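Thanks for making the time this morning.

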Amino acid sequence: MGRKIIIANWKMYLGTHKAVILAKKIRDAQKKHEVIIAPSFTAIEEVAMVLAQSGIDVCAQNMFYDDYGAYTGEICGQDLLDIGCKYVILGHSERRKYFKETYEMVNKKLLRALKLGLKPIICVGEELNERRAGKTWDILKHQLKTALKGIKKSDEIIIAYEPIWAIGTGHPETPKDAEKIHKAIKKFFLDRNDKVVYGGSIDENNAKNFLKISDIDGLLVGGASANSDKFSKIIK
Ligand code: PGA
């Protein structure tokens with residue numbers, strides 16, 4: 001198994017204090033893979049200071065698509081760069097579900113992030129009913145086409161395949177089925193060379209089964225990434 005990308009999505013699980021403690025533990029842990037950590041906005045700056053020169057990059061969980069203006073409660077990409085972010089997660093299913101984000105919005109955010117020099121991690125994934133109806137690939141294709149509209153060949157992005165029914169449920173996709181989807185995504189973007197990572201109920205016990213598959217370039221880990229023992233086992 002080669003070196004892969006492991007992204008920790010800390011969602012709204014940790015305040016700044018706990019985030020800093022966990023960041024130090026991960027910084028000092030044994031790592032085989034490239035690690036990217038996405039703390040909540042308020043913890044980004046302190047976590048970035050802890051991780052400076054550690055080789056671990058910091059990521060935001062969202063950003064707004066404009067640079068400046070009367071957008072109460074939003075955060076622009078430049079501000080994220082200024083406090084040490086290198087990556088930004090866009091279109092996470094929780095954003096789509098609770099905040100009604102559309103892939104048109106995700107596309108605007110993506111183009112802005114690329115313009116600013118923030119590396120986007122784009123989430124796609126189908127609902128359980130869509131899966132059962134055999135529509136997974138149609139859904140993913142539509143999401144990818146909409147989200148990635150207008151990007152250039154040289155633009156560097158990471159695609160995260162996260163079936164919605166697998167997120168936070170303890171029921172991940174099987175590595176074999178994930179492999180099929182990853183292969184399909186790579187085939188669809190044959191002229192590109194994007195990394196495709198899997199997310200959804202990854203833990204310290206199942207991570208290796210995904211990581212050993214060559215078309216799975218890494219993992220996006222939620223719940224298990226907020227626990228130092230579990231996450232240390234995943235990145236080892
Ligand atoms: P989970 O979340 O690992 O808790 O299922 C993954 C994600 O939402 O990115």
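Predicted model: local features only at pLDDT ≥ 70, side-chain atom pairs only at ≥ 80, totals over all residues.

A backbone N or O atom of serine 201 sits 2.8 Å from an oxygen atom of the ligand, which falls under what I call a polar contact, a pair of N or O atoms within 3.5 Å, where within protein one must be able to donate a hydrogen and the other to accept it, and residues adjacent in sequence count only if both atoms are side-chain atoms. Residues are numbered from 1 along each chain as its sequence is written, and side-chain values use heavy atoms, with hydrogens and water left out.

Staying with serine 201, this residue is in the loop between β7 and α9 (207–211), where helices (H or I, at least four residues) and strands (E, at least two) are DSSP runs numbered from the N terminus. Its phi is near 60 degrees, a positive value in a residue other than glycine. Is serine 201 buried or exposed? Serine 201 is buried, with a relative accessible area of 16%, given that buried means under 20% relative accessible area, exposed over 50%, and partly exposed in between, with a 1.4 Å probe and protein chains only.

Which other residues come nearest to the ligand? There are 13 residues around the ligand, and Lys11, His92, Glu162 and Gly168 come nearest together with Ser201; a residue is near a molecule or strand if one of its heavy atoms lies within 4 Å of it. For lysine 11, an N or O atom in the side chain is 2.7 Å from an oxygen atom of the ligand, and for histidine 92 a polar side-chain atom lies 2.7 Å from a ligand oxygen.

As background, rolling a probe the size of a water molecule over the atoms shows where empty space is left. Here a pocket is defined on a 1 Å grid over the protein atoms alone, as an open set of points where a 1.4 Å probe fits, with protein on both sides within 12 Å along at least five of seven lines, and lining residues have an atom within 4 Å of a point. About 430 Å³ of space lies in this largest pocket, the volume being the space filled by probe spheres set on the points. Helix α4 (residues 93–98) supplies the largest share of the lining, three residues. By class, the lining divides into six nonpolar, five polar and three charged residues, where Ala, Val, Leu, Ile, Met, Phe, Trp, Tyr, Cys and Pro count as nonpolar, Asp, Glu, Lys and Arg as charged, and the others, Gly among them, as polar.

Turning to the cysteines, a search of the whole structure finds zero disulfides, a disulfide being a pair of cysteine sulfur atoms within 2.5 Å. Cysteine 85 is buried at a relative accessible area of 4%, and cysteine 123 is buried at 0%.

Histidine 33, in the loop between α1 (16–28) and β2 (34–38), has 3% relative accessibility and counts as buried, and a polar atom of its side chain lies 3.0 Å from the backbone nitrogen of lysine 4. Valine 197, in strand β7 (residues 195–199), is buried with a relative accessible area of 0%; valine 197 and aspartate 217 are 20 residues apart in sequence and 5.2 Å apart in space, C-alpha to C-alpha.

I will finish with exposed positions. Glutamine 53, in the loop between α2 (41–51) and β3 (57–60), counts as exposed at 83% relative accessibility, and its phi is near 65 degrees, a positive value in a residue other than glycine. Arginine 132, in helix α6 (residues 128–132), is exposed as well, with a relative accessible area of 69%.
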